[in-house]
Amino acid sequence: MKTLVSSMLCLLVLTTTLNTLKADPLGLIKELVQFNLVGHPVLHKSVEWPFDPEVGVKRSKQYQEVNGRLGEKAIERLGLGIDGYEQERLANQIARDQGHLNGLDYLTP
């Protein structure tokens, strides 16, 4: 099985090489060196990214104003839903939690 796969691969490479050799013999050598030894041209392209270290501080302050320091307001908003009945759910939760502290009753010893 291994010999069959390797022979098919060699045949594929040979036909590709022969087609390239017929078209441009120097192009074949160039491609062999470039893609096998040096690497694809995209790997050697230098890219610059604009970076501002102050953006993180600004966005952190904005996030904390909207969602709370640890995101507690965001979690509360997600729990209330986004279908237009947020106020009714909030009123039901307040009525349900009246007299409770973290799931515990005030009256229990």
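Visitor: Which residues does Tyr63 touch, not counting residues up to four places away in sequence?

Guide: Those would be Gly68 and Gly71. Keep in mind that this is a predicted model. Tyr63 itself is found in helix H3, which covers residues 54-67.

Visitor: Why is Tyr63 called partly exposed?

Guide: Its relative accessibility is 40%. Buried means under 20% and exposed means over 50%, so at 40% Tyr63 counts as partly exposed.

Visitor: Okay, over to Asn67. Why is Asn67 called buried?

Guide: Asn67, also in helix H3, has a relative accessible area of 9%. The cut-off for buried is under 20%, so Asn67 is buried.

Visitor: Which residues does Asn67 touch, again leaving out those up to four places away in sequence?

Guide: Glu72, Lys73, Ala74 and Arg77.

Visitor: And what makes the link between the Asn67 and Arg77 side chains a polar contact?

Guide: The two side chains are joined at 2.5 Å. A polar contact needs a pair of N or O atoms within 3.5 Å, one able to donate a hydrogen and the other to accept it, so this pair at 2.5 Å counts.

Visitor: Last one: which residues make the nonpolar surface patch?

Guide: Leu26, Ile29, Val33, Leu37 and Val38, and the patch comes to about 520 Å². One of them, Ile29, has its place in helix H2, residues 25-38.

Methods:
Residues numbered from 1 in each chain as written. Predicted model: local features only at pLDDT ≥ 70, side-chain atom pairs only at ≥ 80, totals over all residues. Heavy atoms only, no water. Patch = residues over 30% accessible without salt bridge, like charges linked within 9 Å, V, L, I, M, F, W, Y side chains within 5 Å. Areas by Shrake-Rupley, 256 points an atom, 1.4 Å probe, with all protein chains shown as cover. Salt bridge = Lys/Arg side-chain N within 4 Å of Asp/Glu carboxyl O. Helix = DSSP H or I, 4+ residues; strand = E, 2+ residues; numbered from the N terminus. Buried < 20%, exposed > 50% of the residue type's maximum accessible area, 1.4 Å probe, protein only. Contact = heavy atoms within 4.5 Å.
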